[in-house]
Amino acid sequence: MREDFMRGVFEKPVGSGVWWINYYVDGKRRREKVGKKDLANKLYQKRRGDIVSGRKLPELRDSKSLRFSELIDDALEYVADHKDFRSYVSKAGIVREALGKKLANELTPQEIERWLRSHCKTPATANRYKAFISLCYREGVHNGKVTINPARLVRHRREGSGRLRFLTRDEYVRLYKVIERKFPEHLAEFIISVNTGMRLSEQYSLTWSQVHLDRRTVDLIETKNGSARTVHLNDDSTSAFESLRRKGQKATDPIFVKQGPRFDTRSWFVPSLEEAEIEDYVWHSNRHTFCSWLAMAGASIKEIQELAGHKTITMSARYSHLSPEHRLSVIDRISSRPSE
């Protein structure tokens, strides 16, 4: 295997900020468009090492005819088992209609920026679509179909803290009664979610070996932030778990049984919200309810962090806000009148 390195890393066009690598294998010239200079340097060194050691290099497809739509298909295949697969499918349909016919190797960061600006009303939405487009290109690079990811050069938009929607006690009672009447088989799931603050993936992956009703704890091994934690149960969540116990169950049995390929709370939770006349609320908001109720009960930010499993205390500090009624009660405590 022969190599002849000439202008191994170069910028084209000059001043564009787009860097390429150039090398020879068995007398044949190969060029790859990379993007940032530091990434081009790293890839060039990797290709040199692969050539010297005789490792097989990835097949470079003729990307002149590769449409971005094909990268979308590959990304959907990659996330087929993801719990938010339906959300990916929704984004894929919108992105495909706007950008799917474009050549994958010609889609520029500027074009992506312009589309995000015209399509997305909020920074959070823009960041979610940017992340999806980036996923498509990452899979394309992994599969050897493209060599660059233009979405990486798209600026991340700063998101506001937004409103952390949580249930008032009155809303909780209304929603509880609707679920109890219309979907009684799901009532325990709702109670556990609100009273433990577990994420959907944490709650619905539980087996009975993780639940210790005698100690009133749940052991979470795999969590979003990568750290195991112990969830503490109150009277309501303990009773909810007890109601799910069935004779003959093994420690390795899942607590919640799937009705299909994945857990779907929307089919019963959304209709319940509508009948209870509760707006701007989703399943994940149960976690906000848990943290907000803790704050109202006087829990410190550190306690909220530990109980909710937040990686940073900044996440927990968002719950220092309280309902108007609770704030008023706190203000009333400093009210005093001079004695007559």
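Two strands pair if DSSP finds at least two bridges between them. Helices (H or I, at least four residues) and strands (E, at least two) are DSSP runs, numbered from the N terminus. This is a predicted model: local features need pLDDT of at least 70, side-chain atom pairs count only at pLDDT 80 or more, and totals for chains, interfaces and linings use all residues. Residues are numbered from 1 along each chain as its sequence is written, and side-chain values use heavy atoms, with hydrogens and water left out.

**Stop 1: the E1-E2-E3 sheet**

Select strand E2 (residues 19-25) and E3. Seven bridges join these antiparallel strands. Find tyrosine 24: arginine 29 in E3 stands opposite. The three strands make an open, antiparallel sheet in the order E1-E2-E3. E1 and E3 are the edge strands, each pairing on one side only. From one strand to the next, the twist averages 30 degrees. Show side chains if you like. In a regular strand they alternate between the two faces of the sheet.

Next, show H1. This helix lies across E1, E2 and E3 and runs at about 10 degrees to E2. Axes are lines fitted to C-alpha atoms, for helices over the stretch in contact, and angles run from 0 to 180 degrees between N-to-C directions.

**Stop 2: the second largest pocket**

Stay with E3 and H1. Strand E3 (28-35), helix H1 (37-53) and helix H5 (123-142) each give two or more residues to the lining of the second largest pocket. A pocket, on a 1 Å grid over the protein atoms alone, is an open set of points with protein on both sides within 12 Å along at least five of seven lines; a cavity is a set where a 1.4 Å probe fits but cannot get out; lining residues have an atom within 4 Å of a point. The pocket holds about 580 Å³ of space. Volume here is the space filled by probe spheres set on the points, with grid points joined across faces, edges and corners. Select Val34, Val141, Thr147, Ile148 and Asn149: of the 28 lining residues, these are the closest to the pocket's centre.

The lining has 13 nonpolar, seven polar and eight charged residues. Ala, Val, Leu, Ile, Met, Phe, Trp, Tyr, Cys and Pro count as nonpolar, Asp, Glu, Lys and Arg as charged, and the others, Gly among them, as polar.

**Stop 3: H2 against H3**

Select residues 68-78 (H2) and 85-99 (H3). Their axes come within 10 Å and cross at roughly 175 degrees. H2 and H3 are therefore roughly antiparallel, the word for angles over 145 degrees, while under 35 is roughly parallel, 65 to 115 roughly perpendicular and the rest oblique. H2 residues in the contact (heavy atoms within 4.5 Å) include Phe68, Ile72 and Leu76. The H3 side includes Phe85, Tyr88 and Val89. The contact residues divide into nine nonpolar, one polar and two charged.

**Stop 4**

Move to residues 187-196 (H7) and 285-296 (H11). Their axes come within 6 Å and cross at roughly 45 degrees. H7 and H11 are therefore oblique to each other.

Select Ser193, Met198, Arg199, Leu200, Trp283, His284, Asn286 and Arg287. They line the largest cavity, which holds about 30 Å³ of space.

**Stop 5: E4, E5 and E6**

Finish on E4 (residues 211-212) and E5 (residues 217-220), an antiparallel pair with two bridges. Four residues separate these strands in a hairpin, and arginine 216 in the turn has a positive phi of about 60 degrees. Strand E6 (residues 229-232) pairs with E5 over four bridges, also in the antiparallel sense. Leucine 220 stands opposite arginine 229 in E6.
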